[in-house]
Amino acid sequence: MPISFQTEKYSDGEIYKTLNPLLGAWFKHCFGSFTEPQRYAMLNVHNKINTLISAPTGTGKTLSAFGAVLGELMNLSEAGRLEDRVYCVYISPLRALSNDIQRNLLDPLGQIQKAGAKINKNIDIRVGLRTGDTTTSERAKMLRKAPHILITTPESLAILINSPKFKELLKEVQWCIVDEVHALAENKRGVHLSLTLERLQEISPQMCRIGLSATIAPLEKIANFLVGMEKPNKPRDCLIVDVQFLKKLDLKVLSPLPDFINITSKEIQEKLYEQLHSLIQEHKTTLVFTNTRSATERVVHNLKEKFPSKYSKANLEAHHSSLSKEHRLNVEQRLKEGKLKCVVCSTSLELGIDIGFIDLVIALGSPKSVARALQRVGRSGHKLHDKVKGRIVVLDRDDLVECSVLLKNALEHKIDCIEVPENCLDVMAQHIFGIAIDRKRDIDEVFDLIRKSYCYRALQRTDFDEIISYLSGEFASLESRHVYAKIWFDPKTREIGKRGKLARVLYLTNIGTIPDEARVSVKIQGFTVGTIDEGFLERLKKGDVFVLGGQSYVFTHSLGMTAFVRSAERRPPTVPSWFSEMLPLSFDLALEIQRFRRLMEDQFRMKKSKAEIVEFINKYVYVDKNAANAIFQYFQEQFLYLQIPHDKRLIVENFREGDLRHSIFHACFGRRVNDALSRAIAYALGKLIHKDIEIIINDNGFILSANEKLPVQQAISLLKSHEMRKVLELAVDDSEVLRRRFRHCACRSLMILRNYKGREKSAGRQQMSSRLLLSAVLKISRNFPILKEARREVLEDMMDIKSALKVLEMLEKKSIELKILDSESPSPFALGLYSEGYSDILKMEGRLEFVKRMHEKIMEKIKSKAN
């Protein structure tokens, strides 16, 4: 049985037969019957079969894992054979979720223990919570009397597996439950966990792995990530329980605006908040998702301002990651108790924290991926038979098209695919240090152990050896930058081991993958003009223009946590101020949007009437009358003014603006792909014309600008897909983003210690150390493993070079036609992207007027063509 989908569903009778009678009676009393995930999965857990359970929130998937575990532990307890060791490890990416699970386990356990006491049965099952917040006395208590079920986070488990005393308690773990596995699989935290699980499996060979996931695809890849490899080319066996679409979906795209062009900002605000207010008032509890933290605060403020009699702190709250932990917990608790009418959040409530009953989810703007949309709307109807009710509110034409196609895919169960990071050398370095601290190990054994993780199944021996060379101090020149050997390696015995008395302390105090972030000061001629966040700084390159406090500045360079700028006079920004907070459009959804564009072009080419095309729109996407008319008008204008770009045609639109020449690439591939494509093409153009190229990107395309004609055709023909990676590496080599990501990788690989002898190094001091370390590393080799990893992270995790390569290959094979056209002003599809550059220097009203003026030019051109 390799990775396969489970088809067999068990009857309630079959499940009750395997359950401890007391637990069975509790289930019957509380629920009456089992849910679908439980009917598929509970016997797998009972039989210790690796299982991935994918089901919406509120369908009982947590109990489908814990039910069987509790039953087995109760049998052992009744028989007096329950030992003082850990039988089950539950891992959650969220501390708040860990707290939830502890409560959700202790409540039923308490009820079962009372029922058992009545018939003289002693059920003594201990549940322990171990996170970064666990007190020293609680930790000591766990060592004296081990919890049978340990609830923890990925970082805390990595610490425990390297703690000699606690490791003994983990030696015969029977079950490991990984919750919210979809939220871990696509980042380095998940990569780190995958290695921790292999180390746990090594000391508990009989351990069964259970994964709990919300809506995600492809499930086979998530299952592979969960269970790891039996041999380099063979994953361990795993059954996939896929009951993702149990609940009825009531989803709609709404626009408060009858017209997206001829409107004032005052009208937009009025219509938006009127619609929000009426939706909130029609429901008991509403959860509103925005795409940025600043938008979350703005929506809460405006609702209180516009409807003071209806909203106050008592019934309306904001929830996002920049708010204090105490505030977030308070909001979650009041939401659970039904005391709040509405909560507005960014991404902080996407994961499955139990937040009680919510009957409506509103997304302001596109959630950018089908999986994220379903995870967000899945927060409504938290109980099993509730209907999922979601509304996406859109305020511009690009968002309208995007959300309409997104909704179609959601209702038709087409989920976008996630990528699992592979061969992360910084995370591997951290774990090898931990393995060496644990005990002396044969180096080939360590290599084989690491390759058992799905994330490292294709790890090259040369990469592994380079990390061993770094860790064992072969690069003596790094000692001048305080990077010392952490392990020893004996070439004769081929063993590795820890070096130095402080090794364990250094490892345990610097463990983890989440980088420290900080605010960056912006200075002009020695004066501080404000701060920007680090995520925004890493997007800047020399010559980029951005707005801070209403003024435009040109970025020149950065030093530590200070960005140096000069005045930009009246140039429009190349990077909008909210850029670093925006979620990127998924590549799969972008291609679906492009396919819809092609189908729309076919309608116009066949000279169908407006009524026929509107009917097609209504059949294809699920929108109301206003929205269908707006989509028709948008596409008709683009068709008449220029041509419609789609999945078989990439249009590059050239136009002049004074001395500036712009090339607008209608590349609807999502921002991560466009980041890679635009940098590679700009690099090629820069080499051809020996000038700096300005870049503006968004999900729908990118603009390249310079003060002379851009030979786009020549640049693209020079750019070969097999050389794309090399070109991009050169393009990012002297970039701010590589410098920042190198610091993150240096901290993960323990080249830079965030904590040393009780002293914490700030993000600013880390960055200064990183700058000096980077120049030392470059003297050793341009391909030093940690620098190599920083490049991989930029190209594969921040950008999407794999999908960018697919686009380039399609252009080479002519399966996408490249069409370069001239226009007098930006076409309708280019308006959103072009006006984005002006969004910071023009107030909302000014931007609307700007778009309106551009639109008038378009309509005049269309009329003159018709005449």
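A residue counts as buried when its relative accessible area is under 20%, as exposed when that area is over 50%, and as partly exposed in between. This cut-off will be needed at several stops of the tour, which visits a predicted model.

**First stop: the eight-stranded sheet**

Select the strands β1 to β7 together with β10. These eight strands form an open sheet with parallel pairing, in the order β1-β10-β2-β7-β6-β3-β5-β4. At the edges are β1 (3–5) and β4 (127–130), each of which pairs on one side only. From one strand to the next, the twist averages 15°.

Now select β3 (residues 88–91) and β6 (residues 175–178). Four bridges pair these two strands in the parallel sense. Within this pair, Tyr 90 stands opposite Ile 177 of β6.

Helix α3 lies across β2 (51–54), β6, β7 (208–213) and β10 (238–242), and runs at about 160° to β10.

**Second stop: the six-stranded sheet**

Select strands β11 to β16. Here six strands form an open sheet, also with parallel pairing, in the order β11-β16-β15-β12-β14-β13. The edges are taken by β11 (249–254) and β13 (316–319); each has a single partner strand, so one side of each is left without a neighbour in the sheet. The twist in this sheet averages 20° from one strand to the next.

Inside the sheet, select β12 (residues 286–289) and β15 (residues 360–364). The two strands run parallel and are joined by four bridges. Val 288 has Ile 362 as its bridge partner in β15.

Next, show the helices that pack on this sheet. Helix α12 touches β11, β12, β14 (342–345), β15 and β16 (388–393), and its direction makes about 165° with that of β15. Helix α16 (residues 397–411) touches β11 and β16, and its direction makes about 170° with that of β11.

**Third stop: two helices in contact**

Two packed helices are described by the angle between their axes and the distance between the axes. Select α12 (residues 265–281) and α13 (residues 293–306): their axes come within 11 Å and cross at roughly 85°. Angles of 65 to 115 degrees count as roughly perpendicular, and therefore α12 is roughly perpendicular to α13. To see the contact, display Gln 269, Tyr 273, Leu 276 and Ile 280 of α12 with Arg 298, Val 299, Asn 302, Leu 303 and Lys 306 of α13. By class, this contact has five nonpolar, two polar and two charged residues.

The model has 61 salt bridges. Begin with Glu 445 and Arg 441, whose side chains meet at 3.2 Å, N to O. Are these two residues buried or exposed? Glu 445 has 41% relative accessibility, so it counts as partly exposed. Arg 441 has 3%, so it counts as buried.

Move to Arg 743 and Glu 534, which form a salt bridge at 2.3 Å, N to O. This pair links distant parts of the chain, with Arg 743 in helix α28 (residues 736–748) and Glu 534 in helix α21 (residues 534–537), 209 residues apart. Arg 743 counts as buried because its relative accessibility is 0%, and Glu 534 counts as buried because its value is 2%.

Finally, select Arg 748 and Glu 793, whose closest N and O atoms are 3.1 Å apart in a salt bridge. Arg 748 lies in helix α28 and Glu 793 in helix α30 (residues 785–798), 45 residues apart. Both Arg 748 and Glu 793 are buried. They belong to a network of salt bridges whose members include Lys 188, Asp 426, Glu 538 and Arg 725.

Notes
Residues are numbered from 1 along each chain as its sequence is written. This is a predicted model: local features need pLDDT of at least 70, side-chain atom pairs count only at pLDDT 80 or more; totals for chains, interfaces and linings use all residues. Side-chain values use heavy atoms; hydrogens and water are left out. Axes are lines fitted to C-alpha atoms, for helices over the stretch in contact, and angles run from 0 to 180 degrees between N-to-C directions. Angles under 35 degrees count as roughly parallel, over 145 as roughly antiparallel, 65 to 115 as roughly perpendicular and the rest as oblique. Contact means heavy atoms within 4.5 Å. Ala, Val, Leu, Ile, Met, Phe, Trp, Tyr, Cys and Pro count as nonpolar, Asp, Glu, Lys and Arg as charged, and the others, Gly among them, as polar. Two strands pair if DSSP finds at least two bridges between them. A salt bridge is a side-chain nitrogen of Lys or Arg within 4 Å of a carboxyl oxygen of Asp or Glu. Buried means under 20% relative accessible area, exposed over 50%, partly exposed in between (1.4 Å probe, protein chains only).
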